[in-house]
Amino acid sequence: MSDRDSAGLAAKVLTVSDGVIAGTREDRSGEALEALLAGAGYEVVERRAVADGTESVAGALRDMADGFAGLVVTTGGTGFGPRDLTPEGTRQVVERIAPGLAEAMRLVSPLGRLSRAVAGTRGSALILNTPGSPRGAVECTEAVLDVLPHALRLLSDEPTAH
């Protein structure tokens, strides 16, 4: 992707982790996502962390997405653990599901078949769930990075080339 393709695009990163909130774990996946997005030309305007759980995720996503035109990427809580409830919280918030993005992200590795991650839109924000590992979060985001500027322009009702 050229810098021109992502010019003016904003992003936010939400880490979902009881360990990060408790201070027993470093937020390496949030850091990795911020570095990836900044390197792709996004301005990362916010990064935060919340505890695992449906309501904590839904509340943070509402707050981060409402009135925001850009990308919101979550990391963590997409697996089979009892506190892995990021997809449930995301489904409470998104207005339209974007299954093609979630499917493309699942195809990056064999472990992707275990992902319950979802993608969708809320207003002019595009929300993507990614795994909690730094490598998984980056690989899944990279899988769709090329189409995200176009998707965000469509959400903002900006002219596109098609």
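Biologist: What is the mean pLDDT of the protein chain?

Modeller: This is a predicted model, and the mean pLDDT of its protein chain is 93, with 93% of residues reaching 70 or more. Over residues 1-5, though, the pLDDT is below 50. That stretch has eight contacts in the model beyond near neighbours in sequence.

Biologist: What makes a set of residues a nonpolar core?

Modeller: Its members must be buried nonpolar residues joined through side-chain atoms within 4.5 Å. The largest such core here has 27 residues, and Leu37, Tyr42, Leu71, Leu101, Leu126, Leu128 and Leu148 have the most contacts inside it. Among the elements that each supply at least two of its residues are strand S1 (10-16), strand S3 (70-75) and helix H8 (148-155). Helix H3 (28-39) gives the largest share, four residues. Another core, of 16 residues, lies apart from it and includes Leu14, Ala58, Met64 and Ala65.

Biologist: Which residues is Leu148 in contact with, leaving aside neighbours within four places in sequence?

Modeller: Leu148 is in contact with Tyr42, Leu71, Leu101, Leu126 and Leu128.

Biologist: Now the surface: which residues make the nonpolar patch?

Modeller: Phe80, Leu111 and Leu114 make that patch, of about 370 Å². Leu114 sits in the loop between helix H6 (99-106) and strand S5 (119-122).

Biologist: Why does Leu114 count as partly exposed?

Modeller: Its relative accessibility is 46%. Buried means under 20% and exposed means over 50%, so Leu114, at 46%, falls in between and counts as partly exposed.

Conventions. Residues are numbered from 1 along each chain as its sequence is written. This is a predicted model: local features need pLDDT of at least 70, side-chain atom pairs count only at pLDDT 80 or more; totals for chains, interfaces and linings use all residues. Side-chain values use heavy atoms; hydrogens and water are left out. Patches are made of residues with over 30% relative accessible area and no salt bridge: like charges are joined within 9 Å, nonpolar side chains (Val, Leu, Ile, Met, Phe, Trp, Tyr) within 5 Å. Accessible areas come from the Shrake-Rupley method with a 1.4 Å probe; for residues, only the protein chains shown count as cover. A salt bridge is a side-chain nitrogen of Lys or Arg within 4 Å of a carboxyl oxygen of Asp or Glu. Buried means under 20% relative accessible area, exposed over 50%, partly exposed in between (1.4 Å probe, protein chains only). Contact means heavy atoms within 4.5 Å. pLDDT is the predictor's confidence in each residue, from 0 to 100.
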